[in-house]
Amino acid sequence: QDLLATASHERRTYDTKLNQRVSRFLQFVLILALAAGITIGIFASSRLQRVSSAYELALQELQERNARVTASQQLLATTLESIGDAVISLSKQGQVRFMNAVAQKLTGWQLGAATDRPISEVLRLVHPQTRQPMGDMLEDLDRSGAMGLHQEGTMVARDGSEYAVDAKASIVVDADGRPDGSVVVFRDVTELRKAEVTLIANEKLAVTGRLA
């Protein structure tokens, strides 16, 4: 009985010490986990702050760039609307992207109706004498391989009106120097051509009078 009592006491003592050791170990592990969690939280918070700052800076730069681009587009649109020549901006495929007021008035096409239409449909040019279509300016420009092309002819407006026009087509390149569309600029020279015809007729009359 004494031996059993001693063994039982020693066992209880061992169990108590073991429980204390396990408890201290668990406390240590818990403290270590809390410390690691706090460290990770601080590190993550620092990284998030950096990412947030970088994102805000990039967003601010993007907004400023967009503001500059918008201001540039407005300035360009105002300039194109204020000049006396007709201007048509085209995509790489030769479809209308923009027309200023003069171009809309001469061709008879409103911008909304002309958008995405081929330039040959909006700007119809025929030969003044033969009345034959002069072809697509962009195709002639591509075949020539030049950066610009000049044509003179008679433009047939959407309502059938005709104007003598002096047209120029030019290639537009992007920042890398690659073609990014084209621009056609033309003006109404009907009165100028009439004046030239009248001047030539007067000169012929004057020569005839001198010969007589």
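## Strand 1 and its surroundings

Strand 1 and strand 6 (residues 179-188) run antiparallel and are joined by 5 bridges. The model here is predicted, so local features need pLDDT of at least 70 and side-chain atom pairs count only at pLDDT 80 or more, while totals for chains, interfaces and linings use all residues. Residues are numbered from 1 along each chain as its sequence is written, and side-chain values use heavy atoms, with hydrogens and water left out.

A quick word on terms: two strands pair if DSSP finds at least two bridges between them. Helices (H or I, at least four residues) and strands (E, at least two) are DSSP runs, numbered from the N terminus.

Back to strand 1, then. Strand 2 (residues 96-99) also pairs with strand 1, in the antiparallel sense, over 3 bridges. The two make a hairpin with 5 residues between them, and G94 in that turn has a positive phi of about 80°.

Now for the charges. With a salt bridge taken as a side-chain nitrogen of Lys or Arg within 4 Å of a carboxyl oxygen of Asp or Glu, the count comes to 7.

| Salt bridge | N to O distance |
|---|---|
| D85 and R187 | 3.0 Å |
| D176 and R178 | 3.0 Å |
| E196 and R193 | 3.6 Å |

What does the D85 and R187 pair tie together? D85 sits in the loop between helix 1 and strand 1 and R187 in strand 6, so the contact links parts that are 102 residues apart in sequence. D85 counts as partly exposed at 21% relative accessibility, and R187 is partly exposed too, at 43%.

D176 and R178, by contrast, are both exposed. E196 and R193 share helix 6 (residues 190-211), where they lie 3 residues apart, about one turn of the helix. Salt bridges with shared partners join E152, R193 and E196 into one network. R193 has a relative accessible area of 23%, which makes it partly exposed, and E196 is partly exposed at 35%.

Rings next. R158 lies over the face of W109, 3.8 Å from the ring centre; the rule asks for NZ of Lys or CZ of Arg within 6 Å of the ring centre and within 35 degrees of the ring normal. A search of the whole structure turns up 0 aromatic pairs.

Finally, the surface. Y14, L18, V22, F25, L26, F28, V29 and L32 make a nonpolar surface patch of about 800 Å². Patches are made of residues with over 30% relative accessible area and no salt bridge, joining like charges within 9 Å and nonpolar side chains (Val, Leu, Ile, Met, Phe, Trp, Tyr) within 5 Å. The accessible areas come from the Shrake-Rupley method with a 1.4 Å probe. One of the patch residues, L18, lies in helix 1 (residues 2-82) and counts as partly exposed at 36% relative accessibility.

Methods:
Phe/Tyr/Trp six-rings, centres within 6.5 Å; stacked < 30°, edge-to-face > 60°. Buried < 20%, exposed > 50% of the residue type's maximum accessible area, 1.4 Å probe, protein only.
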